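Take a moment to look over the chain before reading on.

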Amino acid sequence: MIIKFAPAELFAAMPPGNPAPVPIGEPVSQIAVRSFVSKAASTTRTGVWECSPGRWRRQVLAAEFCVFLEGDCVFEPDEGEPIQIVAGEAVYFPANTGGVWTIKTTARKAYVIFDEAQ
């Protein structure tokens, strides 16, 4: 199934955010998501994500490819050096990448989450 979407349209209709599941200190980031699940592989989904400033532990442990459309943030992987990410940059997270997000300014990204075993 082909999925085409305009991120701006999805952001305009974004549901209210929810608190980050594992926040670290204040402020607690609010995270909102609009996504589509693949009919061929239920572990694959794509969409847009928005997160307000704060610090929290990453909860998605599937592989992910994303393009940051707005924002300034740092991802500190459990193994390796911190990665500064700004709007216009793309990032690939291998499966089981754990770490801590520090969102400095509201971040928005378009993403694909998938199971690398398929």
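Phe 93 counts as buried, at 3% relative accessibility. Buried means under 20% relative accessible area, exposed means over 50%, and partly exposed lies in between (1.4 Å probe, protein chains only). This is a predicted model: local features need pLDDT of at least 70, side-chain atom pairs count only at pLDDT 80 or more, and totals for chains, interfaces and linings use all residues. Residues are numbered from 1 along each chain as its sequence is written, and side-chain values use heavy atoms, with hydrogens and water left out.

Now look at the rings. Rings of Phe, Tyr and Trp (its six-membered ring) pair if their centres lie within 6.5 Å. Planes under 30 degrees apart count as stacked, over 60 as edge-to-face, and the rest as tilted. How many aromatic pairs does a search of the whole structure find? The search finds eight. One of them joins Trp 56 and Trp 101. Their centres are 6.3 Å apart, with 35 degrees between the planes, and the pair is tilted. Trp 56 lies in strand 4 (residues 54–57) and Trp 101 in strand 8 (residues 99–114), so this pair ties together parts that are 45 residues apart in sequence. Helices (H or I, at least four residues) and strands (E, at least two) are DSSP runs, numbered from the N terminus.

Are these two Trp residues buried or exposed? Trp 56 is buried, at 5% relative accessibility. Trp 101 is buried too, with a relative accessible area of 1%. Trp 101 also pairs with Phe 93. Here the ring centres are 5.8 Å apart and the planes stand at 65 degrees, so the pair is edge-to-face.

Some rings have a charge over them. The rule asks for NZ of Lys or CZ of Arg within 6 Å of the ring centre and within 35 degrees of the ring normal. Lys 109 lies over the face of Trp 49, at 4.4 Å from the ring centre. Arg 108 lies over the face of Phe 11, at 4.2 Å from the ring centre.

Side chains of opposite charge can pair when their charged atoms come close. A salt bridge is a side-chain nitrogen of Lys or Arg within 4 Å of a carboxyl oxygen of Asp or Glu. By this rule the count is six. Arg 108 bridges to Glu 50, with the closest N and O atoms 2.5 Å apart. Arg 108 is in strand 8 and Glu 50 is in strand 3 (residues 45–51), so the pair links parts of the chain that are 58 residues apart. Arg 108 also bridges to Glu 70, where the closest N and O atoms are 3.5 Å apart. Glu 70 sits in strand 5 (residues 63–77), 38 residues from Arg 108. Together, Glu 50, Glu 70 and Arg 108 are linked in a network of salt bridges. Glu 70 is partly exposed, at 38% relative accessibility.

Another bridge joins Arg 58 and Glu 64, with the closest N and O atoms 2.9 Å apart. Arg 58 is buried, with a relative accessible area of 5%. Glu 64 is buried as well, at 2%.

Glu 64 also touches Tyr 92. Contact means heavy atoms within 4.5 Å. Not counting residues up to four places away in sequence, Tyr 92 touches Ala 63, Glu 64, Phe 65, Phe 114 and Glu 116. Tyr 92 lies in strand 7 (residues 90–93). At 41% relative accessibility, Tyr 92 is partly exposed. Tyr 92 and Ala 63 are 29 residues apart in sequence, yet 7.5 Å apart in space, C-alpha to C-alpha.

Move to the loop between strand 6 and strand 7, where Ala 87 lies. Ala 87 is partly exposed, at 38% relative accessibility. Outside the four places on either side in sequence, Ala 87 touches Phe 68, Leu 69, Glu 70 and Gly 71.

Last comes confidence. pLDDT is the predictor's confidence in each residue, from 0 to 100. The chain has a mean pLDDT of 92, and 97% of its residues reach 70 or more. Confidence is lowest in helix 1 (residues 7–12), at a mean of 91, and highest in strand 6 (residues 83–86), at 98.
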